[in-house]
Amino acid sequence: FTVGGILFTINATRHLLVIAEIEDRLAAPIVTAIFAMIPALFAWTIWSLMDTGIWFFITAGFIYCAVQILLDHKLHSGQEPKNLLVLFAVLMVLTRPEGVVLAIGGAATLALVDWLVLNRQGDRTPLVAIVAALATFAALTLCRLAYFGVPFPNTYYAKVSTDRMSELKNGTRYTLDY
C-alpha cells in the first residue's frame, strides 16, 4: 500500500506539472527524495501494522484520480478515471472517520478547480463522489447506531460514553485539539 501511495503521489505530481506546463521529468526523483526524508511515513505505514498504509494509499489514489481528471479535461483526452474517483471517495469514508470530510472537500475542490481554471462545466463526477461519500457515511452511521447504540465511531481516539455531557465535553475537546 505504501509503494502504491508513493506511485500515486509521483504520478499526481507529474500530471500537476503538465497541467502547469512545467517540465515533468524531475517529478519522480524529487517526490522520491522527499518521501525518503520522511522515515516516519514508513514507520506508520509499514512497521506499525495500523490502517495508515491503507489510508495513505486510498487518499493518494483519490488525489491522483482528481488530478488525472483535471489533466484529461485540459488535454481533452477522455481517459478520466471517474468511477475510480467515486470508489476512492467511498473507501475514504469506510477507512477513517475524517474520510467523509476529505472526500467531500476533495470532490468539491476538484469541481471548483475544473470550473474556474479549466472552464469545464457539466462534469458530474465530483457530485457523484460527494453523493456516494454521503450515502456511505449515512449507511455506516446507521450500522454503528444499530450495533453500538450510538452513531459515533467507537475508537481509541474518540471514545463514546453513556454520559451525554461527558461525551459532548470530550468530543469538543477532541475536535479543538484535532
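User: Helices are DSSP runs of H or I, at least four residues, and strands are runs of E, at least two, numbered from the N terminus. Which helix does alanine 132 lie in?

Analyst: Alanine 132 lies in helix α7. This is a predicted model, where local features need pLDDT of at least 70, side-chain atom pairs count only at pLDDT 80 or more, and totals for chains, interfaces and linings use all residues. Residues are numbered from 1 along each chain as its sequence is written, and side-chain values use heavy atoms, with hydrogens and water left out.

User: Is alanine 132 buried or exposed?

Analyst: Alanine 132 has 15% relative accessibility, so it counts as buried. Buried means under 20% relative accessible area, exposed over 50%, and partly exposed in between (1.4 Å probe, protein chains only).

User: What is alanine 132 in contact with, leaving aside neighbours within four places in sequence?

Analyst: Val86 and Val90, with those neighbours left aside. Contact means heavy atoms within 4.5 Å. Leucine 87 is 45 residues from alanine 132 in sequence, and 8.4 Å away C-alpha to C-alpha.

User: Switching to the core. How many residues has the largest nonpolar core?

Analyst: It has 35 residues, and Phe62 and Leu85 have the most contacts inside it. Such a core is a set of buried Ala, Val, Leu, Ile, Met, Phe, Trp, Tyr and Cys residues joined through side-chain atoms within 4.5 Å.

User: Which element gives the largest share of this core?

Analyst: α4, with 12 residues.

User: And which residues is leucine 85 in contact with, beyond four places in sequence?

Analyst: Phe62, Cys65, Ala66, Ile69, Leu110, Thr125 and Ala129.

User: Now aromatics. How many aromatic pairs are there?

Analyst: The structure holds 6. One is phenylalanine 8 with phenylalanine 57, tilted, at 5.2 Å centre to centre and 45° between the planes. Rings of Phe, Tyr and Trp (its six-membered ring) pair if their centres lie within 6.5 Å; planes under 30 degrees apart count as stacked, over 60 as edge-to-face, the rest as tilted.

User: What does the pair of phenylalanine 8 and phenylalanine 57 tie together?

Analyst: Phenylalanine 8 is in helix α1 and phenylalanine 57 in helix α4, so the pair ties together parts 49 residues apart in sequence. Phenylalanine 8 counts as buried because its relative accessibility is 17%. Phenylalanine 57, at 21%, counts as partly exposed.

User: Which residues form one aromatic cluster?

Analyst: Phe1, Phe8, Phe57, Tyr64 and Phe88.
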